Amino acid sequence: MAETTRTASTPPTSTSDGYCSWHQRIAENVKRIQLSEAGSGGKVHYACIHCIRIYSLTPYPNQ
């Protein structure tokens, strides 16, 4: 897998970087996930695109 590098003149392309609640690390392209009330404990959870696919998660629709 090829790695890309960023230089000072190249801004990051993703503006939705954040913490993935499933693999518990910072990731690119995280999305807010819909959870049942009983399982969420009232918390907001985010997942990266890879965890969304692996765990068949349902992101909130874009508003």
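1. Histidine 23 is partly exposed, with a relative accessible area of 35%, where buried means under 20% relative accessible area, exposed over 50% and partly exposed in between, computed with a 1.4 Å probe on protein chains only. This histidine sits in the loop between strand E1 (18-20) and E2; helices (H or I, at least four residues) and strands (E, at least two) are DSSP runs, numbered from the N terminus. Leaving aside neighbours within four places in sequence, histidine 23 is in contact with Cys48 and Cys51, contact being heavy atoms within 4.5 Å. Histidine 50 is 27 residues from histidine 23 in sequence, and their C-alpha atoms are 9.7 Å apart in space.

2. A word on the basis of these values. This is a predicted model, in which local features need pLDDT of at least 70 and side-chain atom pairs count only at pLDDT 80 or more, while totals for chains, interfaces and linings use all residues. Residues are numbered from 1 along each chain as its sequence is written, and side-chain values use heavy atoms, with hydrogens and water left out.

3. On the overall fold, the protein has two helices and four strands, and from the N terminus on these elements run β-β-β-α-β-α. Buried residues account for 21% of the 63 residues. Among contacts between residues at least 6 apart in sequence, 36% join residues at least 24 apart. The protein exposes about 5,400 Å², of which carbon and sulfur atoms supply 50%; accessible areas come from the Shrake-Rupley method with a 1.4 Å probe, and for residues only the protein chains shown count as cover.

4. The largest nonpolar core has nine residues, namely Cys20, Ala27, Val30, Ile33, Ala47, Cys48, Cys51, Ile52 and Leu57. Such a core is a set of buried Ala, Val, Leu, Ile, Met, Phe, Trp, Tyr and Cys residues joined through side-chain atoms within 4.5 Å. For one of its members, alanine 47, the contacts beyond four places in sequence are Cys20, Trp22, Asn29, Val30, Lys31, Ile33, Ile52 and Leu57.

5. Alanine 27 lies in strand E2 (residues 25-27) and counts as buried because its relative accessible area is 12%. With cysteine 48, alanine 27 has a C-alpha to C-alpha separation of 6.1 Å across 21 residues of sequence.

6. Valine 30 is in the loop between E2 and E3, yet this residue is buried, with a relative accessible area of 12%. Beyond four places in sequence, valine 30 is in contact with Ser16, Asp17, Gly18, Tyr19, Cys20, Tyr46, Ala47 and Cys48. The C-alpha atoms of valine 30 and serine 16 are separated by 5.9 Å, although the two residues are 14 apart along the chain.

7. Which state do the cysteines have in this model? The structure holds zero disulfides, a disulfide being a pair of cysteine sulfur atoms within 2.5 Å. Cysteine 20 is accordingly in no disulfide, and the nearest cysteine sulfur, that of cysteine 51, is 3.7 Å away. Cysteine 20 counts as buried at 0% relative accessibility, and cysteine 48 counts as buried at 3%.

8. Two backbone angles deserve a look. Most residues other than glycine have a negative phi. Asparagine 29, which is not a glycine, has a positive phi of about 55°; this asparagine lies in the loop between E2 and strand E3 (31-33) and is partly exposed, at 36% relative accessibility. Serine 56, also not a glycine, has a positive phi of about 50°; this serine is in the segment after helix H2 (49-54) and is exposed, with a relative accessible area of 62%.

9. As to the aromatic rings, a search of the whole structure finds zero aromatic pairs, a pair being rings of Phe, Tyr and Trp (its six-membered ring) with centres within 6.5 Å, where planes under 30 degrees apart count as stacked, over 60 as edge-to-face and the rest as tilted. Arginine 32 does lie over the face of tyrosine 60, at 4.5 Å from the ring centre; a charge sits over a ring if NZ of Lys or CZ of Arg is within 6 Å of the ring centre and within 35 degrees of the ring normal.
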